[in-house]
Amino acid sequence: MDLRIWRIPFSTNVERVALALGHKGVAVEWIDVDPADRSEVERVSGQPLVPVLDDGGTILFDSPVILEHLERRFPESPLYPLDPARRAEARIFVDWFNRVWKRPPNLIAAELEKTEPDREKIERLGTEMHAALDLFEDMLDGRHYLLGEFGIADVIAFPFLKYALGVPAGDDELFHEVLFEHQPLEGRPRVEAWIERVDGHPRS
Ligand SMILES: N[C@@H](CCC(=O)N[C@@H](CS)C(=O)NCC(=O)O)C(=O)O
């Protein structure tokens, strides 16, 4: 096996891949890079963001792309449903999470970087995050994982939703503070239990 992945500490998108590989029982060589120096990541992949996967010379970046590749490469212990209709639903969830759910927290973080943040805008975006958290609460009604069995939806969402429980010592990423501030767990016991449950899953 010749798998290498470049990573930085506290990376949500890296944790997605670590959870996927842990589920499949696949070992990987992790290469730690200094978050302030992306020269090696850029040299290898032509762009600065992690995770970057080197699978025997095939270089891939962007966590959803890496996850689809790993699913094809290691089909045992699948993360995507085998049934085509349910697999399509899972892909729609992944796309919604990355393109729709992520927007409000990203916009809040961008607003907070400004000298005079627009508090009303932040409030409005925060309300959207609360509404999304209610959707997750409903998705977990009568089941232990977002789409029933542990799979791609949990791997995609957990590294972001887990910040509802708190930001670990040493993690000073503004985006993660936003995820903590705007995802209150009061009245959302199923999401809280799900975070604990997924946190118990192995990472490679
Ligand atoms: N769409 C990419 C996003 C990757 C990404 O934003 N990576 C973050 C870590 S979670 C990063 O490298 N950030 C460094 C920076 O923005 O300088 C993915 O899903 O992998």
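How do the residues of the lining of the second largest pocket divide into nonpolar, polar and charged? They divide into 11 nonpolar, 4 polar and 6 charged. Here Ala, Val, Leu, Ile, Met, Phe, Trp, Tyr, Cys and Pro count as nonpolar, Asp, Glu, Lys and Arg as charged, and the others, Gly among them, as polar.

This is a predicted model, in which local features need pLDDT of at least 70 and side-chain atom pairs count only at pLDDT 80 or more, while totals for chains, interfaces and linings use all residues. Residues are numbered from 1 along each chain as its sequence is written, and side-chain values use heavy atoms, with hydrogens and water left out.

**Domains**

The domain assignment, automatic or from a database, gives domain 1 (3-73) and domain 2 (84-199). Their C-alpha centres lie 22 Å apart. In domain 1, 11 residues are in contact with 20 residues of domain 2 (contact: heavy atoms within 4.5 Å).

**Pockets**

A pocket is an open set of points on a 1 Å grid over the protein atoms alone, where a 1.4 Å probe fits, with protein on both sides within 12 Å along at least five of seven lines; lining residues have an atom within 4 Å of a point. Grid points are joined across faces, edges and corners, and the volume is the space filled by probe spheres set on the points.

| Pocket | Volume | Lining residues |
|---|---|---|
| Largest | about 650 Å³ | 31 residues |

S11, T12, N13, L49 and V50 lie nearest the centre of the largest pocket. Helices α1 (12-24), α3 (63-73), α5 (103-112) and α8 (174-181) each give two or more residues to its lining. Helices (H or I, at least four residues) and strands (E, at least two) are DSSP runs, numbered from the N terminus. The lining of the largest pocket has 14 nonpolar, 9 polar and 8 charged residues. Both domain 1 and domain 2 give residues to this lining, so the largest pocket lies between them.

At least two lining residues come from each of α1, β2 (29-32) and α9 (189-199), and α1 gives the most, with 4 residues.

**Helix α4**

Helix α4 (residues 84-101) has 18 residues and reaches 24 Å from its first C-alpha to its last. This is close to the expected 26 Å, the expected span being 1.5 Å times one less than the number of residues. Its buried residues (under 20% relative accessible area, 1.4 Å probe, protein chains only) are A90, F93, V94, F97, N98 and W101. These pack against α1, α3, α5, α6 (119-139), α7 (152-161) and α8.

Conventions: Buried means under 20% relative accessible area, exposed over 50%, partly exposed in between (1.4 Å probe, protein chains only).
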